[in-house]
Amino acid sequence: MISSLGASFWALPEALGRRANLLGRTLSSGYRLVVGRHGLTAWQASRRVLFAQVFFTGVQALLPICGAGLALSGIMMGVGYRTLAGWGAQRDFGDLMRLVVLTEFGPLLTALIVIGRSGTAITTELAGMRLNHEIDALEAHGVDPYAYLAAPRLFGVASANLALTLCLIASTYLGCVLLAPFMQGISMPIFLSDLGEAMLPEALRRCVVKALLFGLTIPIITVYHGFTVGHDINEIPRAATRAVVGAMSAVFALDALVALVAHG
Amino acid sequence: MAEPLAGGALLELEGVRGLSLRLLPGEAVAAVGPLGCGKTALLRIAAGLEPCESGERRLASERTAIVFRQGGLVRNITLADNLLLPLYYQLLPSSEAEERSSAALEAFGLAPFASERPGGLSNDSRILAQFARATALGADLLFVDDAFSQLTRSAAAKAERWLKDELVKGCLAVMMTGVEAQAIPQLPTRIVELAGPGAAS
């Protein structure tokens with residue numbers, strides 16, 4: 001009883017430590033790659049993996065991200081603007097957009113889409129590579145799997161997540177502007193000026209920080225679960241589920257942490 | 001940088017899963033035994049893919065290679081890139097790496113498939129490509145995990161011929177596994193029989 005309580009107590013720091021170890025090894029391998037310790041051709045091979053990751057996570061997700069942004073604009077105008085207008089506070093819509101879209105739902109919704117789309121793909125791909133002895137073969141032949149597999153995914157997902165967050169926010173604002181003429185009693189110049197004035201640099205900074213934090217957290221967790229899969233093929237879907245739940249929990253926890261720190 | 005071992009040995013195992021052996025250049029050793037007796041586990045420890053929980057493993061080789069009976073090649077890159085990748089990490093100039101990779105593929109009759117991905121190739125080609133990778137790398141220590149039982153007779157003969165040549169030249173040491181001694185190529189091979197889970201006799 002006491003030992004199982006003790007084991008549960010140490011499970012979280014141990015799990016965090018393992019992921020921190022993966023982050024450290026990936027960053028150190030990425031650094032060695034970039035400064036040329038592995039040579040130019042190894043860097044070029046990893047760069048191809050990086051571009052493929054950015055293409056898959058970023059470019060191919062543009063449509064669902066813009067769709068989500070437009071859907072969010074419908075919610076913001078349909079619920080947010082109408083509610084504020086009912087209270088006679090429609091001039092505060094810009095502030096609502098800043099708080100809800102720019103600093104909260106923009107980064108969070110993007111991260112959830114990236115987890116669902118790319119996070120699962122990373123875990124299942126790497127787990128398949130582990131079971132197919134591809135990672136063993138890389139290690140046995142002197143290829144650093146952290147440089148060739150983990151680092152391109154870390155930097156690819158982080159940069160794509162930041163770009164996608166900005167795209168989602170831009171499409172939400174665009175959707176609101178497109179929907180505004182259909183709302184009753186709205187003055188477009190005042191509406192546009194309220195939106196622009198409320199977009200504070202501090203909010204934009206917080207959005208970028210969150211997008212980068214989420215973008216680094218997602219690949220760390222999904223790569224970890226892909227690398228550490230067991231030797232049974234049934235482990236792959238389990239690893240993918242663990243990766244999704246772990247990444248979502250981490251993103252929510254980080255979101256709460258950033259909110260607490262930012263608001264004192 | 002690996003420390004040199006006494007007598008020029010490339011690999012020494014001492015009490016690893018109950019087994020002790022020394023492997024010198026030009027020597028071949030095969031661990032044979034029934035399914036589940038721990039052959040692959042022993043080979044993975046020897047190759048440094050698993051930690052050595054009991055006993056001691058010492059390695060003096062700088063260029064090890066491994067041939068798996070299944071998989072072992074990165075599926076989303078071409079066969080040529082599978083051979084080139086380890087050479088890039090050896091800091092070889094790309095022209096030399098490409099030369100060595102092409103020559104190795106040619107030697108195993110795989111040149112026509114150089115731009116194919118492993119998934120589109122036969123099992124024979126995939127296993128021979130791993131031998132070609134060892135050739136391109138200039139491996140001095142090769143681990144072969146029960147690959148010969150998966151090869152057709154002609155492909156096995158090709159791999160066996162290459163192994164014999166390299167062993168005669170004295171520039172390679174080989175550690176193999178197999179379910180039975182007949183599945184091991186006819187080389188001057190020391191056979192180690194693994195009787196039960198983790199035990200050697």
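Biologist: Before we look at helix packing, how do angles between axes run?
Modeller: Axes are lines fitted to C-alpha atoms, for helices over the stretch in contact. Angles between their N-to-C directions run from 0 to 180 degrees.

Biologist: Thanks! At what angle do H2(B) and H3(B) pack?
Modeller: Keep in mind that this is a predicted model. Helix H2 of chain B covers residues 79–89 and helix H3 of chain B covers residues 94–107. Their axes are 9 Å apart, and the packing angle is about 135°.

Biologist: Are H2(B) and H3(B) oblique or roughly parallel to each other?
Modeller: Angles under 35 degrees count as roughly parallel, and those over 145 as roughly antiparallel. Between 65 and 115 they count as roughly perpendicular, and the rest are oblique. With an angle of about 135°, H2(B) and H3(B) are therefore oblique.

Biologist: Which strands stand at the edges of the sheet in chain B?
Modeller: The open sheet has three strands in the order E2-E1-E4, with antiparallel pairing. A strand at the edge has a single partner strand, so one side is left without a neighbour in the sheet. In chain B, that describes E2 (19–23) and E4 (56–59).

Biologist: In E4(B), which residue is the bridge partner of Glu14(B)?
Modeller: Strand E1 of chain B, residues 11–16, runs antiparallel to E4(B), and four bridges join them. For Glu14(B), the bridge partner in E4(B) is Glu56(B).

Terms used. Residues numbered from 1 in each chain as written. Chains lettered and ligands numbered in written order. Predicted model: local features only at pLDDT ≥ 70, side-chain atom pairs only at ≥ 80, totals over all residues. Pairing = 2+ DSSP bridges. Helix = DSSP H or I, 4+ residues; strand = E, 2+ residues; numbered from the N terminus.
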